[in-house]
Amino acid sequence: MWMIREDAERITRELFAAYPGTALREETPKVYLKYLTRLDAEPVARVVPELIETMSQLPTIADVRRRINEAQLELPTPLEAYHSLSAAPGERHLLTRYVAEIFGGTYNIQISDAPAATRAQFMNYYEALRDAALHRGSLPRAVLEFAERAASAEPQSPEESPFWLAIRTRFDALPDAERETRLEKARKELLKGGQVSPRWVAQPVVEYEALRSLAEENGWLEEAS
């Protein structure tokens, strides 16, 4: 239920009163009223006191929306998501499971030979998707599609498509030296301009980048489209 104007006016006064040092323009109250009345009353009333208690500056409408989305989506922080990888699968948030799958599965993350770097990569990737979800107010479509596939499939390792299986077969047939060169190039491309050693990129991510590059060079991607 959208907020009525009287409630929006009350919340606006409460916000401005909580930050007396903030200089307000003449149009500011009107802008807050306009956009608060486009939000549901109950979640706004719930999160505004939290914002006042935790923010040192006047919360914007975007801050209010983000806090509402945080509550509705129940997204763990990046650190919470990473720590939940050691918990039972049913206790992990959907977004956590999706990111773990991108990195080759929970087991591969846990046995990484560079745990600190893998942890940083996992958390950075998770945080980017989390921020996108909080901005949109919903999980990315790819995450929802992943959930549908997981719900309908038998518990097993995810299968590659026939197209990518064929690319992997061709890649495996390359001389050892060429495969290593391509993997090293993929690592460097993935972290170009970054501060982390290219050798610390999660191995499954590197392999798929190398396969994609090989397919692109040979025009196989165009053939499949």
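The following legends describe close-up views of a predicted model of a single chain.

**Figure 1. Overall view of the predicted chain and its helices.** The secondary structure of this chain consists of 13 helices and 0 strands. Buried residues account for 36% of its 225 residues.

**Figure 2. Confidence along the chain.** The chain has a mean pLDDT of 83, with 85% of the residues at 70 or more. Residues 154-159 have a pLDDT below 50, and beyond near neighbours in sequence this stretch has 1 contact in the model. The pLDDT also stays under 50 over residues 193-200, for which the model has 12 contacts beyond four places in sequence.

**Figure 3. The segment before α1, with residue W2.** W2 belongs to the segment that precedes α1. The relative accessibility of W2 is 57%, so this residue counts as exposed. W2 and L39 are separated by 37 residues in sequence, yet their C-alpha atoms are 5.4 Å apart in space. Apart from neighbours within four places in sequence, W2 is in contact with T37, R38, L39, D40 and A41.

**Figure 4. The crossing of helices α1 and α2.** Two packed helices are described by the angle between their axes and the distance between the axes. Helix α1 spans residues 5-18 and helix α2 spans residues 28-36; their axes come within 9 Å and cross at roughly 130°. The two helices, α1 and α2, are therefore oblique to each other. The crossing of α1 past α2 is right-handed. On the α1 side, the residues in contact are R5, A8, E9, I11, T12, L15 and F16, and they meet T28, P29, Y32, L33 and L36 of α2. By class, this contact of α1 with α2 comprises 8 nonpolar, 2 polar and 2 charged residues.

Figure 5. P59 is located in the loop that joins α3 (41-54) to α4. With a relative accessible area of 0%, P59 is buried. Leaving out residues up to four places away in sequence, P59 touches L15, Y19, Y32 and L51. Among these neighbours, L15 is also one of the α1 residues that meet α2, and Y32 is one of the α2 residues in that contact. P59 and V48 are 11 residues apart in sequence, and the distance between their C-alpha atoms is 8.6 Å.

**Figure 6. The crossing of helices α4 and α8.** The axes of α4 and of helix α8, which covers residues 115-136, come within 8 Å and cross at roughly 110°. This angle makes α4 roughly perpendicular to α8. The contact is formed by R65, R66, N69, E70 and L73 of α4 together with R130, D131, A133, L134 and H135 of α8. By class, the contact of α4 with α8 has 3 nonpolar, 2 polar and 5 charged residues.

**Figure 7. E74 in the loop between α4 and α5.** Most residues other than glycine have a negative phi. E74, in contrast, is a residue other than glycine with a positive phi, near 55°. E74 lies in the loop between α4 (61-73) and α5 (78-83). Its relative accessibility is 60%, so E74 counts as exposed.

Figure 8. The loop between α5 and α6 (94-102) contains H93. H93 has a relative accessibility of 18% and therefore counts as buried. When residues up to four places away in sequence are set aside, H93 touches L73, E74, L75, P76 and L139. One of these, L73, also takes part in the contact of α4 with α8, and another, E74, is the residue with a positive phi near 55°.

**Figure 9. The buried residues of helix α6.** In α6, the buried residues are L94, L95, T96, Y98, V99 and A100. The buried residues of this helix, α6, pack against α5, α7 (106-110), α8 and α9 (141-152). Just after α6, G104 adopts a positive phi of about 95°.

Notes: Residues numbered from 1 in each chain as written. Predicted model: local features only at pLDDT ≥ 70, side-chain atom pairs only at ≥ 80, totals over all residues. Heavy atoms only, no water. pLDDT = per-residue confidence, 0-100. Contact = heavy atoms within 4.5 Å. Axes fitted to C-alpha atoms, helices over the stretch in contact; angles between N-to-C directions. Helix = DSSP H or I, 4+ residues; strand = E, 2+ residues; numbered from the N terminus. Parallel < 35°, antiparallel > 145°, perpendicular 65-115°, else oblique. Left-handed = near helix turned anticlockwise from the far one by under 90°. Nonpolar A, V, L, I, M, F, W, Y, C, P; charged D, E, K, R; others polar. Buried < 20%, exposed > 50% of the residue type's maximum accessible area, 1.4 Å probe, protein only.
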